[in-house]
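Me: Hi! Could you walk me through this structure while I have it open?

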Amino acid sequence: MKPANEFPSADGLWTGLRLATDAGAEAAIVVEQGAIRWVGARSALPAGFASLAPHDGGGALVTPGLVDCHTHLIYGGQRANEFAMRLAGATYEEVAKAGGGIVSSVRATREADEDTLFAQAASRLEQLLADGVCAIEIKSGYGLSLEHERKQLRVARRLGEAYGVTVRTTFLGAHALPPEYAGQVNGSGDYIDLVCNQMLPALAAEGLVDAVDVFCERIAFSLEETEQVFKAAQALGLPVKLHAEQLSDMGGAALAARYGALSCDHIEHLSAEGIEAMRQSGTVAVLLPGAYYTLRDTHLPPIAALRAAGVPMAVSTDHNPGTSPALSLLLMVNMACTLFRLTVPEALDGVTVHAARALGLQDTHGAIAPGMPANFVLWNVREAAELAYWFGQQPVRAVVRQGRIAIGAKE
Ligand code: DI6
Ligand code: FE
C-alpha cells in the first residue's frame, strides 16, 4: 500500500458523473485544494472551471464517501469458535457467561502488542475502505485497563494517519467487566470508578478520545453505571453515545438523550419513550443489521416509529469479532433494506449523511457540498438502487478521500 500522502491529488474538474439523487443528467464536481468548490449539472458549470485539470468519471454514479459510524475494529484474535457454539444452540448471553464473548477478545487483545494489533486491524480496514468508506469510528473496549485501552486507541489514531481516512475514536472502557474484577463484592462499581476517575481522564488528556460509549445491558453495565460514565464524559466536554436496548429495554436511550447523545446504537428493543426522547435531543438511531443477522435475532428495531418520528437513521457494520464480523458496509446497506425494510434512499442516507451526524462530522463528511473536504465515491452501477441490490459485489470504480484519489487513480 502507498502511504496516504502519496495518493494523487483529486484537484480539478470531474466530469462524466451522475449524481445518485438525479442519475439522469451529467454532473460535474470541482475540487480545489482538496475541498469541494462546486457541484452541479455539467450544463451549469461556470465557464471559469472548464480549463481545470480533467478527471473523467466515465459515466459513473457518484455518492458522498461512506461513513462507518460504529466499529470495534481493533482486537486480538477472532471468535469463530463461538459462531459454532451459537449454531449448536447457545445464545450470545450463554456464550458470554461461559467465559467466551467479549472477555475472550480482551485476553487476546491484552496479549497482542501495538504493532500486531495495527497490522491485523489494517487488513480489516483495507476491506472496509475498498467499499468506499471515507470516515470510520473505532471504539476501544477490548483492553479494559488504562494500558490496554490506550494501546487500542493509539492504533486507531495510527490507522487514520496511515490510510488518510478520518478516524473518530470512541472510548468504550465500560464494555465488559474485566476478568480481574469478576466475582468481587463491588467489582462492577469499582471498575466503573476506575473508568470514570482514572482511565477516561488520562486518555482524554492524551488526545485519544473523541467520544464516550457504554454497553448498557443486563450482561454489561446498569443504567446508573452508564449515567456515571456520562457524567464523567460531560465533565471533560466529550460527547456520548450508547449501546442501547440491544437485548432488552433498559431505558438507556432516554438516558442518553438527556445527555445530548450523538447516537443510540442497536435499539432493537427501543420503546416509544426512547424514540420521543431521541427525537427531542436530535440523537441519531444507529441500526446494525450485521449483529441482528449474526445473532439470528428476530426482534426488529422499531423502524416505522423512528421514521414517523423523524429520527435520523444511520446504518453501520458494528464490526466486531463476536456479533458482527462484517467487512462490507455495502452489505449492511443491503441488509438494512432486506431485514429492516429501509428504503434504498434511507439506507444510503444511513451510511452517509446520518452516519456523519452520528459522529458529529456533519460539516465535513456525508455530503458533496461546497466547502466540505472532497470525499466521494464513483460506482460502476447504472442506478443507486444497485448499491443495495447486489450483495457481495465490489462496484467501486474510484474513491476520493480527503481530497486525494485513494482508489482508482490512473498509474
Ligand atoms: N455490542 C455488540 O454488538 C458488541 N459489543 C457490544 O457492546 C459485541 C462485542 C463482542 O461480542 O465482542
Ligand atoms: Fe457495538
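Reply: Happy to. This is a predicted model, where local features need pLDDT of at least 70, side-chain atom pairs count only at pLDDT 80 or more, and totals for chains, interfaces and linings use all residues. Residues are numbered from 1 along each chain as its sequence is written, chains are lettered from A and ligands numbered from 1 in the order in which they are written, and side-chain values use heavy atoms, with hydrogens and water left out.

Me: Metal first, then. What coordinates the iron ion (ligand 2)?

Reply: H70 (NE2), H72 (NE2), H243 (NE2) and D318 (OD) coordinate the iron ion (ligand 2), at 2.1 to 2.3 Å. Donors here are N, O and S atoms within 2.8 Å of the metal (3.2 Å for Na, K and Ca); water is not among the atoms, so sites may look incomplete.

Me: And which angles do the 4 donor atoms make?

Reply: They run from 79 to 165°, and the site of the iron ion (ligand 2) is irregular. For the label: four donors are tetrahedral if all angles lie between 85 and 135 degrees; four are square planar and six octahedral if opposite donors are over 155 degrees apart and all others between 65 and 115; anything else is irregular.

Me: What spacing do the donors follow along the chain?

Reply: The pattern for the iron ion (ligand 2) is H-x1-H-x170-H-x74-D. H70 sits in the loop between β5 (66-68) and α1 (80-87) while H243 is in strand β9 (residues 241-244), so this pair ties together parts that are 173 residues apart in sequence. Helices (H or I, at least four residues) and strands (E, at least two) are DSSP runs, numbered from the N terminus.

Me: Is H70 buried or exposed?

Reply: H70 is buried, at 0% relative accessible area, and H243 counts as buried too, at 3%. Buried means under 20% relative accessible area, exposed over 50%, and partly exposed in between (1.4 Å probe, protein chains only).

Me: What does T317 touch?

Reply: Leaving aside neighbours within four places in sequence, T317 is in contact with residues including D68, H70, T71 and L128; contact means heavy atoms within 4.5 Å. T317 lies in the loop between β12 (313-315) and α12 (329-338) and is buried, with a relative accessible area of 0%.

Me: Now helices. How many residues does α5 have?

Reply: Helix α5 (residues 146-163) has 18 residues and reaches 26 Å from its first C-alpha to its last, close to the 26 Å expected at 1.5 Å a residue. That expected span is 1.5 Å times one less than the number of residues. For α4, the 16 residues should span 22 Å and the end C-alpha atoms are 21 Å apart, which agrees.

Me: Which residues of α5 are buried?

Reply: Among them are H148, L153, V155, L159 and Y163. The cover over the buried residues of α5 includes α3 (102-111), α4 (114-129), β6 (133-139) and β7 (166-174). In α4, the buried residues include L117, F118, L125 and L128.

Me: What comes after α5?

Reply: G164 follows, with a positive phi near 60°. G164 is partly exposed at 24% relative accessibility and, leaving aside neighbours within four places in sequence, is in contact with A4, R401 and Q402.
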